[in-house]
Amino acid sequence: MSKDVNVYQTLRDLGNPDDVERDGPFKCDWENSWLGTGYYFWETFIENAHWWGKVHVRSSYFICEAQCTITDTNCFDLVGNSNHMLEFNEAIEEMTSRSMIKKGVTTVPRIIEFMRKFNKSWTYEATRAVGWESVSEAKNKKHIYKMLFEPTKPNKKSQYLNYKPAIQLCLYTKTALGLNNYHVIYPYEYNSNYVL
């Protein structure tokens with residue numbers, strides 16, 4: 001597989017769009033970063049970047065757009081590559097056999113860190129994942145994109161298709177996946193291509 005995608009990074013708006021475009025993208029090294037330390041982007045659906053700005057930044061925010069190319073060899077894909085999902089499962093099994101897994105404590109970034117350190121064939125530049133139920137309905141129903149598979153029934157959980165899932169890309173370097181054309185697109189007054 002090889003596909004070109006638009007990706008979006010949400011940042012606090014400090015009134016410095018020129019600096020953002022010159023110096024970006026920006027690394028996230030929070031202790032609770034879902035895929036480890038890296039440059040985080042929302043893939044394809046800009047609505048997820050707006051949701052992050054409204055719910056987590058909670059003040060004025062920028063959205064920067066860029067393009068990159070995802071392939072089976074440059075991105076560890078936990079969204080669309082079942083072989084990569086099997087590799088992830090094998091890492092969990094290996095860590096379990098070494099008593100390195102603690103239920104309720106061991107997290108996705110810890111598994112990825114283990115794989116990057118001990119898998120000699122790991123050459124991926126990024127990891128791609130979707131956090132199911134990560135976009136909270138309680139906080140903002142506007143950013144929920146669900147369609148039922150079958151009509152709802154009383155006292156039964158409904159299954160649904162999430163047609164704009166919160167797909168995240170964590171790039172390990174600024175230029176991973178051929179990242180290019182990083183520029184501010186929101187707020188619109190900072191976007192040089194925006195026409196009133």
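Visitor: Which helix do R22 and D19 both lie in, and how many residues apart are they?
Guide: This is a predicted model, and in it R22 forms a salt bridge with D19, with the closest N and O atoms 3.2 Å apart. The two sit about one turn of the helix from each other. Both belong to helix 1 (residues 17–23), and their spacing is 3 residues.

Visitor: Is R22 buried or exposed?
Guide: The cut-off for exposed is over 50% relative accessible area. D19, its salt-bridge partner, comes in at 30% and so counts as partly exposed. R22 has 59% relative accessibility, so R22 is exposed.

Visitor: How many residues apart in sequence are the parts tied together by R128 and E43?
Guide: R128 and E43 form a salt bridge, the closest N and O atoms being 2.6 Å apart. R128 lies in strand 5 (residues 126–130) and E43 in strand 2 (residues 39–43), so the pair ties together parts separated in sequence by 85 residues.

Visitor: And which strand holds D77, the residue that pairs with R128?
Guide: R128 also meets D77 in a salt bridge, at 3.0 Å from N to O. Parts 51 residues apart in sequence get tied together here, because R128 is in strand 5 while D77 is in strand 4 (residues 75–77).

Visitor: Are R128 and E43 buried or exposed?
Guide: Under 20% relative accessible area is the cut-off for buried. R128 and D77 are both on that side of it. For R128 and E43 the label is likewise buried.

Visitor: Which residues are linked with R128 in a network of salt bridges?
Guide: The structure holds 8 salt bridges. R128 bridges to E43 and also to D77. The network joins R128 with K3, E43 and D77.

Visitor: Which residue's backbone oxygen does the side chain of T10 reach?
Guide: T10 is found in strand 1 (residues 2–12), and at 12% relative accessibility it counts as buried. Leaving aside residues up to four places away in sequence, T10 touches several others, including W42, W52, Y61 and F62. Its side chain gets to a backbone oxygen at 3.0 Å, and that oxygen belongs to A49.

Visitor: Why is strand 3 largely enclosed by the rest of the structure?
Guide: Strand 3 pairs with strand 1 in the antiparallel sense over 11 bridges. Strand 3 also runs antiparallel to strand 9 (residues 180–186), with 4 bridges joining them. Strand 3 (residues 61–71) is largely enclosed because its buried residues number 9 of the 11.

Visitor: What is the bridge partner of Q67 in strand 9?
Guide: Let's follow Q67 across its neighbours. In strand 3, Q67 is the bridge partner of N6. Over in strand 9, the bridge partner of Q67 is N180.

Visitor: Which element gives the most residues to the largest nonpolar core?
Guide: That core has 20 residues, and those with the most contacts inside it are V7, F41, L169, L171 and L177. Elements giving two or more residues to it are strand 1, strand 2, strand 3, strand 8 (167–171) and strand 9. The biggest contribution, 5 residues, comes from strand 3.

Visitor: How many residues does the second, separate core have?
Guide: Start from V7, one of the residues with the most contacts inside the largest core; among the residues it touches are F41, C64, A66 and L169, not counting residues up to four places away in sequence. The second core is separate and includes Y40, F76, L78 and C170; its size is 17 residues.

Notes
Residues are numbered from 1 along each chain as its sequence is written. This is a predicted model: local features need pLDDT of at least 70, side-chain atom pairs count only at pLDDT 80 or more; totals for chains, interfaces and linings use all residues. Side-chain values use heavy atoms; hydrogens and water are left out. A salt bridge is a side-chain nitrogen of Lys or Arg within 4 Å of a carboxyl oxygen of Asp or Glu. Buried means under 20% relative accessible area, exposed over 50%, partly exposed in between (1.4 Å probe, protein chains only). A polar contact is a pair of N or O atoms within 3.5 Å; within protein, one must be able to donate a hydrogen and the other to accept it, and residues adjacent in sequence count only if both atoms are side-chain atoms. Contact means heavy atoms within 4.5 Å. Two strands pair if DSSP finds at least two bridges between them. A nonpolar core is a set of buried Ala, Val, Leu, Ile, Met, Phe, Trp, Tyr and Cys residues joined through side-chain atoms within 4.5 Å.
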